[in-house]
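Hello,

I am handing over the structure we talked about, and my notes follow below it. Please have a look at it first, then read on.

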Amino acid sequence: MHNANVMKLLPTAAFVAAAVLLPVAPASATEVGDAAPMFTLPAARGDPVALDKLRGKVVYVDFWASWCGPCRRSFPWMNEMQQKYGGKGFTVVGVNVDKKRGDADRFLAQNPANFTVVFDEAGATPSAYAVKGMPSSYLVDGKGNVVYVERGFLDEHKAEIEQRIAALVGKS
Amino acid sequence: MRIAVAVACLALASCASMEPPKPWEKGNLARPDMQFDYDRLDTRTQQHIYTSKEAATGGYGVGGGGCGCN
């Protein structure tokens with residue numbers, strides 16, 4: 001009787017042991033100098049967007065969500081950057097991390113984006129970048145390396161990021 | 001019995017592997033109705049009563065003395 005109970009518990013014990021012994025290894029955060037983790041994600045319009053297809057271009061990868069206040073502030077600026085440098089081999093890719101697509105669509109109706117917007121409801125991409133806060137943005141050069149990381153969109157960093165973009169598009 | 005204890009220990013230990021939500025998973029936590037001071041009038045009333053009962057003013061920017069009259 002006693003033994004039967006123990007036997008019944010064994011699968012549970014095995015499951016619990018697995019949960020304890022196999023924790024998901026935390027991905028190390030993407031920093032300046034790292035290769036930007038690749039992604040292929042569905043876009044708001046047209047074909048899915050793959051980061052490696054943008055090799056040769058300067059890309060500003062921005063993780064945003066409808067519930068994130070600073071993201072709202074960053075949209076006009078990202079529109080401006082796209083407009084200024086879009087013709088010179090630069091592109092903004094806004095990666096939306098909302099769990100519900102409807103939330104993102106409502107946000108986009110209020111804050112129009114003239115840059116590429118892709119959707120990652122599962123959160124695999126922010127996970128790969130180990131995003132530490134919202135919004136987080138990664139300036140990626142033509143070789144696919146991260147040259148600048150912006151965590152939380154600060155107004156006083158706008159000029160510096162723009163300078164970096166201008167310098168990078170000037171090089172390529 | 002010994003195995004039961006081992007199972008209990010493992011079950012408890014598994015709680016340690018629980019993780020807080022990631023920065024990109026905080027959509028629900030960011031909702032207005034998830035805030036402590038969602039309803040400003042309610043917060044004010046709560047603080048008013050609190051300061052009256054405690055005979056002290058809290059550091060919440062809400063006026064109030066021990067008499068419960070203001």
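**What I found**

A:Arg101 is found in helix 3 of chain A, residues 101-110; helices here are DSSP runs of H or I with at least four residues, strands are runs of E with at least two, and both are numbered from the N terminus. This is a predicted model, in which local features need pLDDT of at least 70 and side-chain atom pairs count only at pLDDT 80 or more, while totals for chains, interfaces and linings use all residues. Residues are numbered from 1 along each chain as its sequence is written, and chains are lettered from A and ligands numbered from 1 in the order in which they are written.

The cut-offs are 20 or more other C-beta atoms within 10 Å for buried, 12 or fewer for exposed, and partly exposed in between, with C-beta atoms placed from the backbone. Leaving aside neighbours within four places in sequence, A:Arg101 is in contact with A:Phe119 and A:Glu121, where contact requires C-beta atoms, placed from the backbone, within 7 Å. Its C-alpha atom is separated by 28 Å from that of A:Asp155, which is 54 residues away along the chain.

Next, the largest nonpolar core, which has 36 residues. Such a core is a set of buried Ala, Val, Leu, Ile, Met, Phe, Trp, Tyr and Cys residues joined through C-beta atoms within 7 Å. A:Val61 and A:Ala65 touch the most other members. Elements of chain A that give two or more residues to this core include strand 3 (58-64), helix 2 (69-85) and helix 5 (158-171). Strand 3 of chain A has the largest share, six residues. Beyond four places in sequence, A:Val61 is in contact with A:Ala36, A:Val93, A:Val95, A:Ser137, A:Tyr138 and A:Val140.

Helix 2 of chain A deserves a look of its own. Its 17 residues should span 24 Å at 1.5 Å a residue, and its end C-alpha atoms are 25 Å apart, so the two values agree; the expected span is 1.5 Å times one less than the number of residues. The helix bends by about 30° at A:Phe75, and a proline, A:Pro76, follows within four residues. The bend is the angle between axes fitted to the seven residues ending at a residue and the seven starting there. Among the buried residues of helix 2 are A:Cys71, A:Phe75 and A:Tyr85, and the cover over its buried residues includes strand 3, strand 4 and helix 5 of chain A.

Now for the loop between helix 4 and strand 6 of chain A. A:Ala130 has its place there and shows a positive phi of about 50° although it is not a glycine. A:Pro135 belongs to that loop too, and a cis peptide bond joins A:Met134 to A:Pro135, with omega about -5°.

Strand 6 then runs antiparallel to strand 7 (residues 146-151) of chain A, with five bridges joining them; strands pair if DSSP finds at least two bridges between them. The two form a hairpin with five residues between them, and A:Gly144 in the turn has a positive phi of about 90°.

Finally, chain B has two helices and zero strands. Buried residues make up 4% of its 70 residues.

Best wishes

Notes. Contact = placed C-beta atoms within 7 Å.
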